[in-house]
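Let's take a friendly walk through this structure, strand by strand and then into its open spaces. Keep the viewer at hand as you read.

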Amino acid sequence: MTVEHQLDLICHPSTRTETVRAIEVFVHRSAGAELQMTFRLEGDIPRIRIPPPGAPRFATQLWRRTCFEAFIAVEGQHTYHEFNFAPSGEWAIYAFSSYRKGGPVANELMRPQIAVRSTGRTLELETVVRLDLLSAIHPRAPLRTGLSAVIEASDGLSYWALSHPADKPDFHNADGFSLLLEPPVPE
């Protein structure tokens, strides 16, 4: 059985923007160890700086421009993974042993699937992450998840997340991993 959620990201109050009206995220966790996320941005798309499409590849520092992110931790553990998904098809995965202590995982086998659709009013990025490639525990465990986005637009950078527990945008703050994804019930 699939676990599904529909959530709204909120803009950090210190980075207001008129270019982006809303960001919605649809999350589907399947019994087959896949986590599918669809980020749907509504706004003045021509004013948003969107990296041009290219070949899917590992790249670092994607958060410096428009990208979508997911932070995944097994409930009760300090370790977590960060995923960056760029509209260009570039991606990054980082493994952390605790708050910001870790580094990139440039393993091509872990490459998420990324598909992008855009109109004058919406930008949609759909991605699929294989939880079984993170560890044997991830597919069966409750997961604390943070969803976020960095949007580069003509009116500056804005930072979006499910919640903002600090005065400054900080997606690594575990208090922002506010979505609990229970493991799917087998059918």
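Predicted model: local features only at pLDDT ≥ 70, side-chain atom pairs only at ≥ 80, totals over all residues.

**Strands, cores and spaces**

Val74 has Leu143 as its bridge partner in β10. The pairing of β4 with β10 is antiparallel and extends over eight bridges. On another side of the story, β4 also pairs with β5, again in the antiparallel sense, over five bridges. Within that pairing, Phe71 has Glu82 in β5 as its bridge partner. β4 and β5 make a hairpin with five residues between them, and Gly76 in the turn has a positive phi of about 90°.

How many residues of β4 are buried? Eight of the eight are, so the strand is largely enclosed by the rest of the structure.

Now follow the chain onward from β5. Strand β5 (residues 80-85) is joined to strand β6 (residues 91-98) by six bridges, and the two run antiparallel. Here Tyr80 stands opposite Phe96 in β6. The two strands form a hairpin with five residues between them, where Gly89 in the turn has a positive phi of about 100°. From β6 the pattern carries on to strand β7 (residues 101-104), to which β6 is joined antiparallel by four bridges. Ala95 stands opposite Gly103 in β7. This hairpin has two residues between the strands, and Arg100 takes a positive phi near 60°.

Lys101 lies in β7. Is Lys101 buried or exposed? Its relative accessible area is 54%, and the cut-off for exposed is over 50%, so Lys101 counts as exposed. Leaving aside residues up to four places away in sequence, Lys101 touches Ala95 and Phe96. The C-alpha atoms of Lys101 and Tyr80 are separated by 9.9 Å, while the two residues are 21 apart along the chain.

For a contrast, turn to Ser148, which is found in strand β10. With a relative accessibility of 1%, where the limit for buried is under 20%, Ser148 counts as buried. Not counting residues up to four places away in sequence, Ser148 touches Leu9, Phe39, Phe68, Glu69, Phe71, Trp160, Ala161 and Phe171.

Next come the nonpolar cores. The largest has 37 residues, of which Val27, Met37, Leu41, Phe68, Phe85, Leu147 and Ile151 touch the most other members. The element that gives the most to this core is β10, with five residues. A second, separate core has 14 residues, including Ala59, Ala73, Tyr80 and Phe171.

Strand β10 (residues 143-153) gives the largest share of the lining, three residues. By class, the cavity lining has eight nonpolar, six polar and two charged residues.

The largest pocket holds about 280 Å³ of space. Of its 15 lining residues, Trp63, Glu69, Arg100, Phe171 and His172 are the closest to the centre. β4 (67-74), β6 and β11 (156-161) are the elements that give two or more residues to this lining. The lining of the largest pocket divides into nine nonpolar, one polar and five charged residues.

The second largest pocket has about 200 Å³ of space. Its lining is made up of Ala73, Val74, Gly76, Gln77, His78, Tyr80, Tyr99, Arg144, His172, Ala174 and Phe177. By class, these are six nonpolar, four polar and one charged.

Conventions: Residues numbered from 1 in each chain as written. Heavy atoms only, no water. Nonpolar A, V, L, I, M, F, W, Y, C, P; charged D, E, K, R; others polar. Pairing = 2+ DSSP bridges. Core = buried A, V, L, I, M, F, W, Y, C linked by side-chain atoms within 4.5 Å. Buried < 20%, exposed > 50% of the residue type's maximum accessible area, 1.4 Å probe, protein only. 1 Å grid on protein atoms, 1.4 Å probe; cavity = no way out; pocket = protein on both sides within 12 Å on 5 of 7 lines; lining within 4 Å. Points joined across faces, edges and corners; volume = space filled by probe spheres on them. Contact = heavy atoms within 4.5 Å.
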